[in-house]
Amino acid sequence: MAQRYVRVQSQTGQLHYGLLRPDRSVQVLDAPPWLQGQPTEVELLPGSYDLLAPCAPSKVVAVGKNYAAHAAEMGTEAPPEPLLFIKPSTAVTATGAPIYYPPQSTQIDYEGELAVVIGDRCAHVPPEAARAKIWGYTIANDVTARDLQKRDSQWTRAKGFDTFCPLGPWIVRELSAGALLQTFLNGQAAPVQSASIEEMIYSPDYLVAYISEIMTLLPGDVILTGTPAGVGPLRVGDQVRVEIEGIGALENTVALRP
């Protein structure tokens, strides 16, 4: 099993990065792993911590319509270059946490995605050096208020609500090129989304280089690499589960915002 890097909160309220062991205990690191965090002698036992989103990015840069079939289901052609938008860091939430349905919207959609975690400062990175800037991979759900996206003609409000960027459950360092991404609703056996990440129009390496020509990416920042076809609406009470081979599963339930 690949090493799983987590971010947790202990019962005393302390935040830690760590390595998740098979028995669900956590070996605490002395710093974030992309900042050369090293294992300590501190161990958190199962049940003594809460699993958080595996990183706390300064920004989440997302890519729209990066699978041709998804662009087609949105009624458009694939973009001639990466279509970028930003989700605020306050949208990030953990596996198991609720996705809050905002009262401003009448349709929120799931969008299962592969997320890339940046390990080093990136500015004007050439394509051949981009892969070395990727520290690891996790799972994301780019939750979208579809009605507001259509109404606003730009995506900040539709993509930016609190809890609209579940990340997790952990980060792995490597991922096979043909890993399968699937999204499931309410425990049903048949996925509503299913695609190989090889079907992306623009690869993660390309996206890192492209984005670094626009803005500096910092260690711990996240890139959402786009969603495959099959996006659809969520209702209050729905459970949405995004799985990627080699990583695991990100699971959240939709709730009314308190």
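## Strand E10 and its partners

Two bridges join strand E10, residues 108-110, to strand E13. The two strands run antiparallel. Within this pairing, Ile108 stands opposite Ala145 of E13. The model described here is predicted.

E10 and E13 belong to an open sheet of three strands. The order is E13-E10-E18, and the pairing is antiparallel. Strand E13 (144-145) and strand E18 (232-234) stand at the edges. Each has a single partner strand, so one side of each is left without a neighbour in the sheet.

## The nonpolar cores

Nonpolar side chains tend to be buried together in soluble globular proteins. In this model, the largest nonpolar core has 39 residues. Leu114, Tyr137, Leu175, Ile223, Ile244 and Ile247 have the most contacts inside this core. Helix H5, residues 204-212, gives the most to the core, with four residues.

What does Ile247 touch, leaving aside residues up to four places away in sequence? Its contacts are Leu114, Tyr137, Thr138, Ile139, Trp170, Val172 and Leu175. Another core, of 21 residues, lies apart from the largest one. Among its members are Leu19, Val117, Trp135 and Cys165.

Over residues 59-254, the chain is 16% helix and 38% strand. The end C-alpha atoms of this stretch are 24 Å apart.

Definitions and conventions
Residues are numbered from 1 along each chain as its sequence is written. This is a predicted model: local features need pLDDT of at least 70, side-chain atom pairs count only at pLDDT 80 or more; totals for chains, interfaces and linings use all residues. Side-chain values use heavy atoms; hydrogens and water are left out. A nonpolar core is a set of buried Ala, Val, Leu, Ile, Met, Phe, Trp, Tyr and Cys residues joined through side-chain atoms within 4.5 Å. Buried means under 20% relative accessible area, exposed over 50%, partly exposed in between (1.4 Å probe, protein chains only). Contact means heavy atoms within 4.5 Å. Two strands pair if DSSP finds at least two bridges between them.
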